[in-house]
Amino acid sequence: MSQPKIAVDLILKKLTESTEQVKTLSQKASSFLLGPLETDLAVTPYEVVYEEDRVKLKHYTPEKVTHKIPLLVVYALINRETMLDLQPGRSVVRTFLDKGIEVYMIDWGYPTRKDRYLTIDDHVNGYMDAVVDVIRQRHGLPRINLMGICMGGAFSVMYSALHPEKIRNLVTTVTPTHFDIDTGLLHIWMRRTRALEMGDLYGNMPGDLMNLGFLLLNPARLILDKYVGFLENMDKRDFVENFVRMEKWIFDSPDVPAATFRQFIEDCYQKNLLIQSRMELGGRREDLKRITMPLLNIYGKFDHL
C-alpha cells in the first residue's frame, strides 16, 4: 500500500495565510497600542466620609435616592474593591446608583508592617462595626443593609451573627462559610498550609504570592487562554482597554495582615469552625442561628475557588 503524500503546497499556503493575518493584525493593533488608552478604574465619583488607620469608607450618592436604607459593601482583603466599579458600563456600583440605592463601600487600603498583628476580630468588631455605626448615625437608622463579597462575605456573616440588631438585610456573594470540602483545589491547599510559619517568615502575607497561588489553581484558563485571547483580539480597542483594566485590578494586590491570614486559615479552612457556630471573635461565639434577617446568597455553580 502506498504511503499518503504530504500536501506540502497546502501546508505552505496555510502558513503564508497565517503569517499575513498576524502581520495585518499587528499593524492594526499598533495604531492604538502605542497611543493613549482609556484604562482608568473606579471612575464613579465618591466621597470619603470616614477614615481609621489604613481603612476608608467611600460614599456614593445616586441622582435620586429611592431606597431609604443605604447599602454597605464589604470586599475581601485580597485584591481591591475597585472590581465593583471596573469601568463605565461594567460597574456594580453604577448599577446600584441607577436603581436609587445609596452605596457605602469599605476600602481596606494597604497594610503595612505595623498591621501584622491585626486579627479578624479587629476587622469585624473593630473597623466594620465602626463603619456600620457611622452609616447608622448619618442616616438616623437602627439598621442598614449589608453586602459581603468573597472573604468580605465571610466577614459579613460573622458581623451579622454578632450584631444582628444593626443589619436589616444581608447579601453574601461568592462567600465561603463551609470549608470542609474537596471540590476546590484551594480548600485542599489551605488545609495543608502552615499559616503560622508563613506569618513568621513574611510578616504580612504578600499579595503577589497569593495572586500566584490563585493563578495556579487554573493555569490553563487564567494564564494561557487569557493571553492567547489577547493576541487574537489585540486589534480591538475596547477589548484591549478592558483587558488592561482587568490586569491592573488583578495585580493590585494588597498584603493581608499576618494574624488575620493565620486565623482565617486555621479557624476556617483547617478547623471549619464558622459553619459549626464554634468560631470565636473577641471572646464571643459566632452563633449563626442569630442570623435571622432576610438573607440572599449569590454563588457561581462553576466557581473554581
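Trainee: Which side chain makes a polar contact with the side chain of Asp107?
Mentor: In this predicted model, the side chain of Asp107 makes a polar contact with that of Arg80, at 2.6 Å.

Trainee: Where is Asp107 placed?
Mentor: Asp107 lies in strand S6, which covers residues 103-107.

Trainee: Does Asp107 count as buried or exposed?
Mentor: Asp107 counts as buried because its relative accessibility is 8%, and the cut-off for buried is under 20%.

Trainee: Which residues is Asp107 in contact with, leaving aside neighbours within four places in sequence?
Mentor: Those contacts are Arg54, Val55, Lys56, Lys58, Arg80 and Glu81.

Trainee: Turning to the helices, at what angle do H3 and H4 pack?
Mentor: Helix H3 (residues 120-139) and helix H4 (residues 151-162) pack at about 70 degrees, and their axes are 10 Å apart. The two helices are therefore roughly perpendicular to each other.

Trainee: Which residues meet there?
Mentor: From H3, Ile120, His123, Val124, Asn125, Met128, Asp129 and Val132 meet Phe155, Ser156, Met158, Tyr159 and Leu162 of H4. By class, this contact has 8 nonpolar, 3 polar and 1 charged residues.

Trainee: And how many residues of H10 are buried?
Mentor: Helix H10 (residues 258-270) has 10 of its 13 residues buried, so it is mostly covered. Among them are Phe261, Phe264, Ile265 and Tyr269.

Conventions
Residues are numbered from 1 along each chain as its sequence is written. This is a predicted model: local features need pLDDT of at least 70, side-chain atom pairs count only at pLDDT 80 or more; totals for chains, interfaces and linings use all residues. Side-chain values use heavy atoms; hydrogens and water are left out. Axes are lines fitted to C-alpha atoms, for helices over the stretch in contact, and angles run from 0 to 180 degrees between N-to-C directions. Helices (H or I, at least four residues) and strands (E, at least two) are DSSP runs, numbered from the N terminus. Angles under 35 degrees count as roughly parallel, over 145 as roughly antiparallel, 65 to 115 as roughly perpendicular and the rest as oblique. Contact means heavy atoms within 4.5 Å. Ala, Val, Leu, Ile, Met, Phe, Trp, Tyr, Cys and Pro count as nonpolar, Asp, Glu, Lys and Arg as charged, and the others, Gly among them, as polar. Buried means under 20% relative accessible area, exposed over 50%, partly exposed in between (1.4 Å probe, protein chains only). A polar contact is a pair of N or O atoms within 3.5 Å; within protein, one must be able to donate a hydrogen and the other to accept it, and residues adjacent in sequence count only if both atoms are side-chain atoms.
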